[in-house]
Amino acid sequence: MAKDKITSSSTAEYFSKNLQQVGFSSPTKAVLTTLKEAVDNSLDACEEQGILPEISVVIEKKGTGTLKNTDLIHIRVEDNGPGLSLDDVPKVFGEYLASSKFGRGRCSRGQQGIGISAATTWAQLTSAKGVTVTTKTKTMRQAVQVQVAVDIKHNKGVLKEKKEGKLKNPHGLSVEFLIDGRIQLQGEGGLITYLTGTALVNPHLTLHYTLPDQKPVTISRVSNDCPEVPSATEPHPHTMKLGEFIAHSHLFGRITLKAWLKKGFSRISDNSLAEFVKNGLNKKMLDMSVDKINEAQFKDIFSVIHKTELMSPSTKSVMTIGEESFSKSVRRLGEVDFFSVVTRKPTICDYKPVAVEVAVARLKGMTKGEGTEDGPVQVLRFANRVPLQFDKSACAMVKAIESVNWRAYGLQQPKDSLPSGPYVVAVSLVSPFIKFKNASKETIDASDELVEELRRTLIQAGQRLSRHIKKEHREQDLENKLRYIEQFCPILVDCLCRITKAPEKRKKKATEGLEKILGRDLTAAKKEFKEADLAAKEAAAKGKIQIITDDAVEAAEPEEKPSKGKKREVKSQQPEAKPAKTAAKSSVKRAASKEKSAT
Amino acid sequence: MRSETIPKISKELCNRMLSDLESARRPILEAVKCSLDNSNYSPKVGYLTPGDKKVRTELNVSSVQKMSRAIFLLEVLLRNIDTGAVNTKRELYYIAKGEVKHDPHLKPLDFQDQSESDAVIDFICEMLECYREDLNCYANDRGGQTYSNQLVVTETLPDGTKAVVDLSSLGTSPFQPKNRPQSLQLKAKKKIDFCLVVESEGTANTFVANGFCKRNNSILIGAQGVPSNAVRGWAKLIQDQLRVPIYFFGDLDAYTIQNIYRTLKAGSAASLIRNSDFSAPDVHFLGVLPEDIKKYDLSDYPVKETDQSEARALKKAADALKNDPFFQDKRNKNLAKMLEWLLKNKRRCEQQAFFMVDPRDPTMPEKIIVEKIKKGNFI
């Protein structure tokens, strides 16, 4: 027997010692996770109440941190949400696993109620101050500011220094953290990457942010429709384990088994009950009260249910951004050349409803790092509309992108790798039950079914994109051919004449002959280009691909209130931005006039 | 083909192209396809010869650059032949760049990389069915360091004068053959019993330092890995002019047999048009043989399949057994068997392992080699 006394610890104690498990494994991650948790909570709160979110983020360096190689960072996030009553403030910010969303099976960003409490703990551990919360609900006359700390021993939030506060909006919430951390703006774990990614998958969000040494930025909303998070459906019995199944029964008190199965689960009907009986379930048991059923009987019931075929779970509980809103949002990524967006119908993967959306966009003017001409494409991953920024390589989304043959769509791709070029591939997965690989929700587990669903969506997006790329290739091909004729004809004939010492007369005749030969090739190339151009135009007309011009970008400026159901369709004409293409076009025109004169 | 006929053939070719152009017909350039699938092997001939397959390049918008570059470089090479100037491929790359620099109209022909101009030179050789040495384009001489106390070499220089080199007068310095050894005449001062080609140049040097050439009436050559044109042409010359038996002594591994030894004996698929002058079909594989491992209790070790180059050598050996007409010929079944043995056992044994037989006797490898030759213990 062990001599030491066995003690039990609170959840807060556990997490305060294992903050690395929930996204606080490095000073850089600490800043990002804190920001992420605050913004996610704001967005969820706004959506719950149908408010179009407007969030302001300010991040500043306030000095040197107490930990080695860190700065003291001040993070402030303010929203126009419903605000929190003072009673709820300590639960939300100071208590672990206190959540309104835990296990509800909804596609909300936050699920367990760990993240923001962990951020408070980090602030408390590194700067000896918890979080400063300023809140005002509609019913409160004045905003109130309090400091919240985590009572680690008892997993409780403690309020301190209550006083009057100030908010920009008539209602909302502001949180301020003073933490040790390090600021990274760009790249995989960058703050700007997170903020622009959040804006991409939340077209209804207006985001203001001020980061150290950067000018303030405002990303305005491009959709005035606040997404309605579908209500949760009851669990599907095939997705449960025996223990969960028994625990689920305890939630319903005294109720017959028949009633419990029909009420407590989705996809169980009277017909299903008859099937259960056929498959060996004692009919009498159906009328027994669930609180009278023992463990062995539960086991029998459970195995009969698993033996019986049931309808797949409902996909009603998942939501999508929608191709229209996603299309508008993609333009906020930067200088987008053209893009395609695909929203797949919700489907079932591993007995869980999921919806996948993909946007593939070509950017202009990227010069450094990912998404440049030579580098791999920039991958943006989203789970329930939250950017995922770490451990990219193990993620189901990256595996799916690598499994697609992008060369078929005109992109370059080293074997078994991400495609390369100045593209952004944004993949969004929405599901009430996303299987993350870790508690910090950075990587999605790569099950075969999920990877296949992601892959299909990516293939669809690639196919749409390829029409425009093919047209460009044909255009380039035609341009090359024209150039070759102009450049090589005289050289070839000159060299041949010098070697053979041929007279000028022969030279002239050979030049004419060569032009005739290559002219035939040119006609064929022009035909191919016309066909590709037609296919690309058709694709654009159907809204399968969108080509952006400067005018279009201006027209899609944020304050515009876009009308529903109408897609922008723009033709590619961009003289300044694409000199090479212009040259191609002028050469194509030249060729056309030559052809005319020849005929 | 000799250098004298190349200008004539080139002019005929260009004339034909010009006539085609005048009649608005697409000129076609044809070259021998130099690949294994166009290689034939007959033990009577002794080396890999080209089949009927040709690489046809028809003039169109896509091939006009390649054709223009070929004719442009051909003009440079013909000028070299005319003036007697010689160059390496790298020099020709810079000469081409210089031409482009001085004539801006030639800018579209500019080579971005030497590999581009090399490919065009190879294409010209395949088209004219000549060696690049015939076009006065010489490779860097590598390997073939030769030691002998009996051999006398007479070289005819470009100006017609002759240089006589008595190898016994060179001391421990080797004689190194040129990439075009056809201009050399060989004579033996005294009967030469055999010629030994050693894979490792270092080991060949050790043998000489230990008195191999003093004790044996022989020619000793260091191959320095895969035999260069110089080594191949030199072995062919020794075989044809001196008619002495030639033995190859190298490692027992897939790369040595499939690549080094096969190239020395029968040429390569990449050089189908010049194998007749650059292979020595009478050469024998002296060792290391699989049975030598047991007989002399040599240390061998497993092939590291994780090592990319070794894994590639095994794969190439497996391909050779399936597709290489040399290994498929029944006269070479013992060599094929040896490759099969190597593929099955995945072991290798180095030539230097003979030094472990009697570590205190530096001449032990020599004794084993001479014994193997006497007893006919070779393939």
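In the predicted model, B:Gly202 and B:Ala209 are exposed on one side of helix H5 of chain B, whereas the buried residues of this helix are B:Ala204, B:Phe207 and B:Val208. Seen down the axis of H5(B), these buried residues fall within an arc of 100 degrees, so they line one face of the helix. In an α-helix there are 3.6 residues a turn, so residues three or four places apart point the same way. The cover over the buried residues of H5(B) includes strands S5, S9 and S10 of chain B, together with helix H6 (212-215) and helix H13 (364-375) of that chain. Just after H5(B), B:Gly211 takes a positive phi of about 95 degrees.

Chain A has 15 helices and 15 strands, and buried residues make up 44% of its 599 residues. Among contacts in chain A between residues at least 6 apart in sequence, 73% join residues at least 24 apart. The largest nonpolar core has 103 residues, and those with the most contacts inside it are A:Leu35 and A:Ala361. Helix H2 (residues 27-48) of chain A provides the largest share of this core, nine residues. Domain 1 (11-219) and domain 3 (323-466) of chain A both give residues to the core, so it lies between them. When neighbours within four places in sequence are left aside, A:Leu35 is in contact with A:Val57, A:Ile75, A:Val77, A:Leu191 and A:Tyr194. Another core, of 64 residues, lies apart from this one and has B:Cys195, B:Val197, B:Ala204 and B:Ala254 among its members.

In chain A, strand S7 (residues 206-210) has a covered face formed by A:Leu207 and A:Tyr209, and an uncovered face formed by A:Thr206, A:His208 and A:Thr210. In a regular strand the side chains alternate between the two faces of the sheet. Strand S1 (residues 54-64) of chain A runs parallel to S7(A) and is joined to it by five bridges, and the bridge partner of A:Val58 in S7(A) is A:Thr210. S7(A) also pairs in the antiparallel sense with strand S8 (residues 217-219) of chain A, over three bridges, and A:His208 there stands opposite A:Thr218 of S8(A). The hairpin of S7(A) and S8(A) has six residues between the strands, and A:Asp213 in this hairpin takes a positive phi near 60 degrees.

Between the two chains, 25 residues of chain A are in contact with 26 residues of chain B. On the side of chain A that touches chain B, helix H12 (448-500) and helix H13 (504-541) of chain A each supply at least two residues, and the largest share, 14 residues, comes from H12(A).

Notes:
Residues are numbered from 1 along each chain as its sequence is written. Chains are lettered from A and ligands numbered from 1 in the order in which they are written. This is a predicted model: local features need pLDDT of at least 70, side-chain atom pairs count only at pLDDT 80 or more; totals for chains, interfaces and linings use all residues. A nonpolar core is a set of buried Ala, Val, Leu, Ile, Met, Phe, Trp, Tyr and Cys residues joined through C-beta atoms within 7 Å. A residue is buried if 20 or more other C-beta atoms lie within 10 Å of its own, exposed if 12 or fewer, and partly exposed in between; C-beta atoms are placed from the backbone. Helices (H or I, at least four residues) and strands (E, at least two) are DSSP runs, numbered from the N terminus. Domain bounds come from an automatic or database domain assignment. Two residues are in contact if their C-beta atoms, placed from the backbone, lie within 7 Å. The arc is that of the directions from the helix axis to the C-beta atoms. Two strands pair if DSSP finds at least two bridges between them.
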